Amino acid sequence: MNAHSLSELRAVNTFAALPAAFYTRLTPQGLNNPRLLHANADAAALLGLDASVLASPEFLQVFSGTEPLPGGDTLAAVYSGHQFGVWAGQLGDGRAHLLGEVQGPDGGWELQLKGAGMTPYSRMGDGRAVLRSSVREYLASEAMHGLGIPTTRALALVVSDDPVMRETVETAAIVTRMSPSFVRFGSFEHWSSRRQPELLKTLADYVIDRFYPECREAPAGQSQDSPGDVTPYINLLREVTHRTARLMADWQAVGFCHGVMNTDNMSILGLTLDYGPYGFMDGFRLGHVCNHSDSEGRYSWNRQPSVALWNLYRLGGSLHALVQDVDRLRAVLDEFEAVFTRAFHDRMGAKLGLAAWRPADEELLDDLLKLMDANQADFTLSWRRLADAVQGKRNGFEDLFIDRPAAAAWLDRLLARQAQDGRPAQEIADGMNRVNPLYVLRNHLAEEAIRAAKTGDASEIDTLMTLLRNPYEAKPGYERYAGLPPDWAGSLEVSCSS
């Protein structure tokens, strides 16, 4: 039975039940004269909320920060972290307010307002978010979900004429984010750095009991974890390591760049978290950097897996306060490479239309990526048009490359490799189209949605949400959303202020 008002939702607030040191309770600073620009009925269904509620005054009041969530417990969480590889000390929810947790039909969801004003952790910030970045986050989380990639979700986008100063004066907005948990690697670093192992243990036990109960299961022949047993914390690190490795394979396979892979932006649940200066690549570059603020290229596309492992080492280092055996921690972290490699090969093999990955396929994939890099071939379309090439329509793929002979020669190698599997061309092509998206949230599409939103027009957001929910299926009449980016897209830049 769906809830027909917010007061009918089941609030549970497990994070708020942690000791007071983990957060500050406070009231959001609502927007003046707020307007609901868009609401996501799919996300509402996860809460057990009827879509009719999205148009209610009550919904606007709560998700503009004006009224509390019925049954909620509003707070901002504290955490610390490494930013661009440098220890930044205490951070925290500087512009995010956790309204509470709702028990939906299939699990709990924390609801968080991003842009609802200052908190004790705002440092030099104003606690606000602008329309531009809010539209990007709202769309990105749903785009990633449509691609089948673990991610936070987005429930609502509320706007206002309140001015916010960034590089120029912009207008304020609040995006409501949803996640089973917003606990980060930096949440663990916080208590480790403060040498408070009892609170570190409290956090680890909370995460295990709430999200990883299997970590407490003892191996056959051993008793359930007893006082002083560190096995659950070893198991926690293993689960997070494996999830993060698979997440990196997901990102790499769709040409997604996060932009700010700081430890405070890494989810303990292996979700894509905190959409700032992200980007889906247009022209492919192995060292593509999507964040204009990343002058050193630390978070380039080809470095994302190694950065993830570096961040996991910071998490493992934090857990050292609970697990004195460094060798056991290091052995778990050493599993990252094998898990990532296996997941990456599985995904890329499917994208290439191969029945199963073979060691010799590494050279075939590497040569394609080098060819795409040398020609700056469009990432998404290069993969998508391979399915047409399998069926004899080669021009679409070859047209993406300046060096057409080299593209044709590589394509001959792929077709010969596929022939070794002995499957019909149609079967291969259909399988490729199920894993190679046609629609991704390119920067210019997000920019068009932002420009329309500035006039109060949410139609582009609506269109993109529809396409991105099923990005593998071609929809007649929407060809421009699946085409090469326009020339002006090359001048678009996103930065940490995004």
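Helix α16 (residues 443–453) and helix α17 (residues 459–469) pack against each other in this predicted model, with an angle of about 145° between them and their axes 7 Å apart. Two packed helices are described by the angle between their axes and the distance between the axes. On the α16 side, the contact is made by L445, E448, A449, A452 and A453, and these residues meet E460, I461 and L464 of α17. Six residues of this contact are nonpolar and two are charged, whereas none is polar. An α-helix has 3.6 residues a turn, so residues three or four places apart point the same way.

Helix α16 is also largely enclosed by the rest of the structure, because 10 of its 11 residues are buried. The buried residues are N443, H444, L445, A446, E447, E448, A449, I450, A452 and A453. Their cover includes α17, together with β2 (35–39), α3 (131–146) and β12 (279–280). R451 lies over the face of W488, at 4.7 Å from the ring centre.

The aromatic side chains may be considered next. The model contains 19 aromatic pairs. One of them is formed by F15 and Y206, whose ring centres are 6.1 Å apart. The pair is edge-to-face because the ring planes stand at 70°, and the cut-off for that class is over 60 degrees. F15 belongs to the segment before β1 (23–25), while Y206 is in helix α5 (residues 197–211), so the pair ties together parts that are 191 residues apart in sequence. Both partners are buried: F15 has a relative accessible area of 8%, and Y206 has one of 10%.

A further aromatic pair consists of F397 and W410, with ring centres 6.0 Å apart. Here the planes are at 35°, so the pair is tilted. F397 lies in helix α13 (residues 395–398) and W410 in helix α14 (residues 404–419), and the pair therefore ties together parts that are 13 residues apart in sequence. F397 counts as buried at 1% relative accessibility, and W410 is likewise buried, with a relative accessible area of 3%. Elsewhere, W251, F256, Y275, Y278 and F280 form one aromatic cluster.

Attention now turns to the strands. Strand β4 (residues 80–83) and strand β5 (residues 86–90) run antiparallel and are joined by three bridges. Within this pairing, S80 has Q90 of β5 as its bridge partner. The hairpin of β4 and β5 has two residues between the strands, and F84 takes a positive phi near 55° in that hairpin.

Strands β6 (residues 96–104) and β7 (residues 107–114) also run antiparallel, joined by eight bridges. A hairpin through two residues connects β6 to β7, and A96 has K114 of β7 as its bridge partner. Why is strand β6 described as largely enclosed by the rest of the structure? The description applies because eight of the nine residues of β6 are buried.

Two individual residues complete the account. D162 is found in strand β9 (residues 153–165). With a relative accessible area of 16%, D162 counts as buried, because the cut-off is under 20%. Which residues does D162 touch, not counting residues up to four places away in sequence? The contacts are with L31, N32, E170, T171 and A172. D162 and L31 are 131 residues apart in sequence, yet their C-alpha atoms are 7.1 Å apart in space.

S187 lies in helix α4 (residues 185–193). Is S187 buried or exposed? The residue is buried, with a relative accessible area of 8%. Not counting residues up to four places away in sequence, S187 touches Y79 and L203.

Note on methods. Residues are numbered from 1 along each chain as its sequence is written. This is a predicted model: local features need pLDDT of at least 70, side-chain atom pairs count only at pLDDT 80 or more; totals for chains, interfaces and linings use all residues. Side-chain values use heavy atoms; hydrogens and water are left out. Helices (H or I, at least four residues) and strands (E, at least two) are DSSP runs, numbered from the N terminus. Buried means under 20% relative accessible area, exposed over 50%, partly exposed in between (1.4 Å probe, protein chains only). Contact means heavy atoms within 4.5 Å. Axes are lines fitted to C-alpha atoms, for helices over the stretch in contact, and angles run from 0 to 180 degrees between N-to-C directions. Ala, Val, Leu, Ile, Met, Phe, Trp, Tyr, Cys and Pro count as nonpolar, Asp, Glu, Lys and Arg as charged, and the others, Gly among them, as polar. Rings of Phe, Tyr and Trp (its six-membered ring) pair if their centres lie within 6.5 Å; planes under 30 degrees apart count as stacked, over 60 as edge-to-face and the rest as tilted. A charge sits over a ring if NZ of Lys or CZ of Arg is within 6 Å of the ring centre and within 35 degrees of the ring normal. Two strands pair if DSSP finds at least two bridges between them.
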